[in-house]
Amino acid sequence: MFDLQGHRALITGAGQNVGAAMATVLARQGASVIVNDLHPERAEAVADAIRAEGHSAIASAWDVTDFDSTIDHVRAAEAELGGHVDILVNNAGVAEGRWNLPFRELTPDLWRLPIDLNIYGSLNCTKAVIDGMCDTGWGRVIQISSGSARTGQNINVSMYATGKSGVEGFIRHLAAETGQYGVTANILALGQQSNLAEMMPPEIVDRIVATIPIGRLGDAEEVGAACVYLASDQAGGLTGQTIDFNGGSQTR
Ligand SMILES: NC(=O)c1ccc[n+]([C@@H]2O[C@H](COP(=O)([O-])OP(=O)(O)OC[C@H]3O[C@@H](n4cnc5c(N)ncnc54)[C@H](O)[C@@H]3O)[C@@H](O)[C@H]2O)c1
């Protein structure tokens with residue numbers, strides 16, 4: 001069960017944190033993984049660590065918001081791995097730049113950053129792999145999202161949430177269009193992960209943790225395990241769903 005040998009998985013934004021853990025866990029289950037990141041050194045370090053464990057990984061650095069570059073890099077990685085990508089994890093979602101401001105302080109150049117990454121980045125990568133999946137009758141698209149897509153929050157993430165909401169809508173339609181070809185598309189809407197604890201003052205982390213029924217932040221390897229399930233043959237009947245992976249938080 002949950003054996004991914006013979007599959008090729010592309011994980012975007014996998015140079016650190018959640019994406020790195022998902023790539024590692026997918027590789028441990030037997031998938032050959034393509035570790036994408038904007039920063040080559042991050043992608044290389046994660047791919048090296050996966051190979052050091054004895055699993056299959058290549059690094060491929062490009063900006064997923066660039067359509068032509070996405071197509072070129074995916075085709076090159078597929079040639080290197082000897083087959084088409086049949087598992088896609090659209091994880092890159094935290095744009096570089098100063099977009100986390102109240103909407104009243106944002107300008108169009110800033111509000112484009114998270115929308116471009118979350119919507120166009122996922123569209124570009126999905127476009128690069130969807131024909132190969134449909135033509136061979138098997139594929140898995142996993143979209144990493146956030147509870148902020150469906151809940152208003154006063155924490156300066158309105159444009160990030162706009163991008164996440166938009167891509168969630170796309171994935172539901174993709175699932176409806178491609179289910180007939182053996183391709184599933186699902187959304188993992190994450191709650192706050194443990195890497196946030198390194199970026200925030202402890203008192204804020206404590207306040208967040210107090211709202212989470214399991215009493216802790218999310219664990220990236222657990223998210224990786226959920227990806228393994230969604231990517232497996234055994235999850236072939238599950239599509240078009242949004243799974244809140246947030247420790248039971250009702251506030252998302
Ligand atoms: N960490 C959390 O608490 C949390 C909560 C909810 C949802 N999420 C979602 O989980 C995903 C991963 O979050 P994270 O905290 O691990 O992010 P992160 O910022 O730690 O890592 C993301 C990686 O994506 C890369 N990246 C950024 N722009 C890119 C681009 N244009 N092309 C390719 N790579 C790019 C970055 O270089 C970085 O290495 C995101 O989609 C995020 O929205 C995270």
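Is Asn156 buried, partly exposed or exposed? Asn156 is partly exposed, with a relative accessible area of 30%; buried means under 20% relative accessible area, exposed over 50%, and partly exposed in between, with a 1.4 Å probe and protein chains only.

The views below show a predicted model, in which local features need pLDDT of at least 70, side-chain atom pairs count only at pLDDT 80 or more, and totals for chains, interfaces and linings use all residues. Residues are numbered from 1 along each chain as its sequence is written, and side-chain values use heavy atoms, with hydrogens and water left out.

**View 1. Asn156 and Asn17 have positive phi values without being glycines.** Phi of Asn156 is near 65°, and this residue is placed in the loop between β5 (139-146) and α5. Asn17 has a phi of about 50° and belongs to helix α1 (residues 17-28). Asn17 is partly exposed, its relative accessible area being 36%. Helices (H or I, at least four residues) and strands (E, at least two) are DSSP runs, numbered from the N terminus.

**View 2. Helix α1 packs against helix α7 (residues 220-231).** Two packed helices are described by the angle between their axes and the distance between the axes. Here the angle is about 50° and the axes are 8 Å apart; axes are lines fitted to C-alpha atoms, for helices over the stretch in contact, and angles run from 0 to 180 degrees between N-to-C directions. The two helices are therefore oblique to each other (angles under 35 degrees count as roughly parallel, over 145 as roughly antiparallel, 65 to 115 as roughly perpendicular and the rest as oblique). The crossing of α1 and α7 is right-handed, that is, the near helix is turned clockwise from the far one by less than a right angle. Contact, meaning heavy atoms within 4.5 Å, involves residues of α1 including Asn17, Val18 and Met22, and residues of α7 including Glu221, Val223 and Cys227. By class, this contact has eleven nonpolar, two polar and two charged residues. Ala, Val, Leu, Ile, Met, Phe, Trp, Tyr, Cys and Pro count as nonpolar, Asp, Glu, Lys and Arg as charged, and the others, Gly among them, as polar.

**View 3. Helix α4 (residues 108-136) crosses helix α5 (residues 158-178) at roughly 20°.** Their axes come within 7 Å. This angle makes α4 roughly parallel to α5, and the crossing is right-handed. Among the contacting residues are Trp111, Ile115 and Leu123 of α4, and Met159, Lys164 and Phe170 of α5. The contact of α4 with α5 comprises twelve nonpolar, seven polar and one charged residues.

**View 4. Gly121 is a buried residue of helix α4.** The relative accessible area of Gly121 is 3%. Leaving aside residues up to four places away in sequence, Gly121 touches Val64, Thr65, Asn90 and Asp116. Gly121 and Gly93 are 28 residues apart in sequence, and their C-alpha atoms are 8.3 Å apart in space.

**View 5. Strand β5 is covered on both faces.** In a regular strand the side chains alternate between the two faces of the sheet. Gly139, Val141, Gln143 and Ser145 are buried on one side of β5, and Arg140, Ile142, Ile144 and Ser146 are buried on the other. Eight of the eight residues of β5 are buried, so the strand is largely enclosed by the rest of the structure. Strand β4 (residues 87-90) pairs with β5 in the parallel sense over four bridges; two strands pair if DSSP finds at least two bridges between them. Leu88 stands opposite Val141 in β5.
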